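The following exercises concern a structure and are each followed by a worked solution. Please consult the sequence and the coordinates while working through them.

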Amino acid sequence: MRTPLTIRIIQSMPKAGWAGLAAFALVAWVGIPLAHLALPESSPFHVSGYLLTLLGKILCYAVVAVAMDLIWGYAGILSLGHGLFFALGGYAFGMYLMRQIGREGSYQSDLPDFMVFLDWKELPWFWWNSDSLLWSLFLVVLIPGLLAWIFGYFAFRSRIKGVYFSIITQALTFAAMLLFFRNETGFGGNNGFTDFKRILGYSITSPEMRATLFALSATLLMGVLVLGRYLVSSKFGRVLAAIRDSESRVMFIGYQPLWYKLAIWTLSAVLCALAGALYVPQVGIINPSEMSPANSIEIAVWVAVGGRGTLIGAVLGAFIVNLAKSYFTVSFPEYWPFFLGFLFIAVTLFLPDGVVGLWRKLMGQRSAPLGPAASAGPPPADPVAIAKGAQS
Amino acid sequence: MTTVLDPGADRAGLNDPQNWQGPASSGRVLKPGELDLSHNVILYLEDICVSFDGFKAINNLNLTIDAGELRCIIGPNGAGKTTMMDVITGKTRPDSGKAFFGQTLDLTRLTEPEIAHLGIGRKFQKPTVFENHTVFENLELAMKTDKRVWRSMLAALLDDERDRISDTLKLIRLAGEADRRAGLLSHGQKQWLEIGMLLMQDPRLLLLDEPVAGMTDDETERTAELFVSLAGKHSLMVVEHDMAFVEALGGKVTVLHEGSVLAEGDLATVQADPRVIEVYLGR
Ligand SMILES: Nc1ncnc2c1ncn2[C@@H]1O[C@H](COP(=O)(O)OP(=O)(O)OP(=O)(O)O)[C@@H](O)[C@H]1O
Ligand SMILES: [Mg+2]
């Protein structure tokens, strides 16, 4: 008898995990939206629009962190170009948001302002159907997914690994950034897209819309956690960990590592893109700086801080680093890059298993208990080597 | 049991079917990619040459292994034994020569996973198990099954698959260690685990590179018994330096030296061969 899939999905997460998820759902679907919408601003429990947006934004980052952890922590592939997929998802959805502005732009034209400014008379072909929400959501998945697949196919087929792979992904996102900086590319040049007004005709700045986008981000994160948990505890996850530890051995027992890497790589890129699509309406802007190499490196830092090889670690890392960042950038903006660099080095040297590893140590748990999930954790000496490679 | 793709062809009676694998193989048409044992030979190596930067590691090597045979390969260090296995499993491409699995399958044109799928399993000289996985998981990963991505995503172990794993665990005497991380096993236990992984793949031809290195005498003896019991149903090629072990296996022995075959025959004959004595004493 084969256990049905639904039961296996449920079994892939311990009871405490489901309880945590349920508590999170209650807070994210009911608690925080109500605290924003129903409580008066004078109440100490009122959640301001600023805080709601900040949290929604970090939820999107957390999705990216989990996506990164799936390939880095579990498959040993360090991408330093994941910001690209995030940004592409944002741009794909941003096209729809630009079209929803309608004639309310400064030039009162059917075309987005930047096109009028460039003296374009009609939409370029790739803006076809961009006023359809469904079509743009389809593009959110298709474009980054396709790019990741093609890039991954050639990279993995040529057996490009380790630092070389990381450097190529950096180059890829850098090249894309330069491309998107150009006005002729058709995505608003260095200003990107902004001044969004509506989604499906509803105002994008209304409290209800903000609460909805926040709840959707939380939902995406929960979905990604459940999916990720299932995958890493399935045989697929065990094959990935085996490829990470000894690729040639995996080939001799009859697996084609190429397709395994490609599957997790493409999935990871698509998850980033979905996060990007939810991020853009919440922050109200997308421009090529999202593709800057530094952004992609930051994603790796979140995962390293939280603890790679554990999904919850990725989420924690995204929250810790980004809450610190929003504090720093308000109080001492000029020190943030130094702090980030310091954090990365400190974690790499002293906390190779991140915050989660520290927690386990403090609780006296062995950091590598038996079982599929833990066995998928990276070998301890490895993060230092990879981090060193990434820095050079 | 098997699909007949080309009903027009009738190979029955063309060649004597091999009795060792039962009536299933007699008089039926082979699927493409299926092992053809119609000459009772499972592996042909013909005039294989491999050189590394001008150094000839394999030099006009000719070797055939019969279906169901247990063959021992001996030879001094650097004779090319491991390199020969690299050629058979697709890890190293020969500069020239032919390598066929059965009558029809050209090993020089296939990738490592494809060759593994056709039924050649390999145990490495240095034991290589997945150290971060448990003993059970190691066997699960090796098990013969559909190894495509989506199958692995949806796969759940069937009861008979579980049974196969626990049978193998008993056979390799690791039943008590099923949930231990493989990295924590002793050297000999790792060797056994790797043999178990090989058995889980249910290969037709097993290549075993120094399988008893690091084992105790008792473990070595049990390994010999296991291999002898596998012969017949499987074909085995065992590389070993341990002469007592080679003697216990009792099969035909091939001596490799400087990348080609120096002598072949039963152990006593090759040990008496003056050229073999010279090679071993001359080192
Ligand atoms: N990748 C390689 N590059 C260069 N030389 C190699 C390579 N692989 C093997 N050789 C050389 O080829 C020769 C044959 O090596 P091989 O490993 O096949 O010997 P062996 O018979 O398995 O020896 P041992 O009994 O020590 O395992 C050796 O001289 C070795 O140094
Ligand atoms: Mg060798």
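The model is predicted.

**Exercise 1.** Determine what share of the contacts in chain B between residues at least 6 apart in sequence join residues at least 24 apart.

*Solution.* Take the contacts in chain B whose partners are at least 6 apart in sequence; 65% of them join residues at least 24 apart. Chain B holds 10 helices and 10 strands. Of its 283 residues, 43% count as buried.

**Exercise 2.** Describe the side of chain B that touches chain A.

*Solution.* Begin with the numbers: chain B contributes 28 residues to the contact, and chain A contributes 29 residues. Next, locate the helices: α2 (112–118), α3 (135–142) and α4 (149–154) of chain B each provide at least two residues of this side.

**Exercise 3.** State where Asn129(A) lies, and decide whether it is buried, partly exposed or exposed.

*Solution.* Asn129(A) belongs to the loop between α5 (113–117) and α6 (133–157) of chain A. Its phi is positive, about 65°, although the residue is not a glycine. Most residues other than glycine have a negative phi. Because Asn129(A) has 15 C-beta neighbours inside 10 Å, it counts as partly exposed; a buried residue would need 20 or more.

**Exercise 4.** Carry out the assignment for Asn60(B): in which strand is it placed, and is it buried or partly exposed?

*Solution.* Asn60(B) is placed in strand β2 (residues 55–66) of chain B. Although not a glycine, Asn60(B) has a positive phi of about 50°. With 14 other C-beta atoms within 10 Å, Asn60(B) is therefore partly exposed.

Notes. Residues numbered from 1 in each chain as written. Chains lettered and ligands numbered in written order. Predicted model: local features only at pLDDT ≥ 70, side-chain atom pairs only at ≥ 80, totals over all residues. Contact = placed C-beta atoms within 7 Å. Helix = DSSP H or I, 4+ residues; strand = E, 2+ residues; numbered from the N terminus. Buried ≥ 20, exposed ≤ 12 C-beta atoms within 10 Å, placed from the backbone.
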